[in-house]
Amino acid sequence: MRNILVYLTSTLGFNAYSFDIQTNKKEIIYSAFDFDFSNAFRFAKLAKKHSYSLINSNNFFVIGILINQNQLILLVPNFTIFNYLEKDLNLLFILSRLKLLCQLIYEIFSNEIAPKEDVYIGGIQSTKKHFHSMS
């Protein structure tokens with residue numbers, strides 16, 4: 001299962017992390033680019049409340065897939081405010097298929113049928129919670 005995620009994330013240009021919610025520890029599954037993700041727990045705090053989430057920060061965003069009550073997969077695409085124009089078509093494709101991508105990763109890791117829930121979209125600085133359908 002990890003090999004499939006490594007292949008998928010390397011193809012998409014993502015970094016992939018497994019986050020243990022109970023211990024607040026992250027493990028690198030795949031690293032496609034240099035990235036300081038020492039604040040992963042801040043993203044996990046929001047992502048652990050939803051099956052699928054897209055959480056924005058100042059210069060990047062994180063995709064969260066809640067596998068079970070203790071495991072969260074965090075994906076960080078290599079799209080920042082600084083390289084957005086260069087990769088905007090890839091970003092639009094990924095965002096348009098975000099729920100499908102989350103469901104695929106959920107099923108790979110859990111060996112169960114993925115929830116059909118919507119993707120939670122929010123931000124680290126935001127106190128409001130918005131739900132948007134990404135189907």
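**Close-up 1. Thr-9, a buried residue of helix H1.** Thr-9 is buried, at a relative accessible area of 1% (buried means under 20% relative accessible area, with a 1.4 Å probe and protein chains only). Thr-9 sits in helix H1, residues 2-12 (helices are DSSP runs of H or I with at least four residues, strands are E runs of at least two, and both are numbered from the N terminus). A polar atom of the Thr-9 side chain lies 3.2 Å from the backbone oxygen of Val-6. Leaving aside residues up to four places away in sequence, Thr-9 touches Phe-14, Ala-16, Tyr-30 and Leu-75 (contact means heavy atoms within 4.5 Å).

The model is predicted: local features need pLDDT of at least 70, side-chain atom pairs count only at pLDDT 80 or more, and totals for chains, interfaces and linings use all residues. Residues are numbered from 1 along each chain as its sequence is written, and side-chain values use heavy atoms, with hydrogens and water left out.

**Close-up 2. Aromatic pairs around Phe-43.** The structure holds six aromatic pairs (rings of Phe, Tyr and Trp, the last by its six-membered ring, pair if their centres lie within 6.5 Å; planes under 30 degrees apart count as stacked, over 60 as edge-to-face and the rest as tilted). In one of them, the ring centres of Phe-37 and Phe-43 are 5.7 Å apart and the planes stand at 45 degrees, so the pair is tilted. Phe-37 is buried at 2%. Phe-43 is buried at 0%. Phe-43 also pairs with Phe-60: centres 5.3 Å apart, planes at 40 degrees, again tilted. This pair links distant parts of the chain, 17 residues apart. Phe-43 belongs to helix H2 (residues 40-47), and Phe-60 to the loop between strand E3 (52-56) and strand E4 (61-68). Phe-60 counts as buried at 14% relative accessibility. Tyr-17, Phe-33, Phe-35, Phe-37, Phe-43 and Phe-60 form one aromatic cluster.

**Close-up 3. The nonpolar cores.** The largest nonpolar core has 23 residues (a core is a set of buried Ala, Val, Leu, Ile, Met, Phe, Trp, Tyr and Cys residues joined through side-chain atoms within 4.5 Å). Residues with the most contacts inside this core are Leu-5, Ile-63, Ile-65, Ile-73, Leu-75, Ile-105 and Phe-109. H1, strand E1 (14-20), E3, E4, strand E5 (71-77) and helix H4 (98-110) each give two or more residues. H4 supplies the largest share, seven residues. Beyond four places in sequence, Ile-65 touches residues including Ser-51, Tyr-52, Ile-73, Leu-75, Cys-102 and Ile-105. A second, separate core of 19 residues includes Tyr-17, Phe-33, Phe-37 and Phe-43.

Methods:
Buried < 20%, exposed > 50% of the residue type's maximum accessible area, 1.4 Å probe, protein only. Polar contact = N/O pair within 3.5 Å; in protein donor to acceptor, adjacent residues only side chain to side chain.
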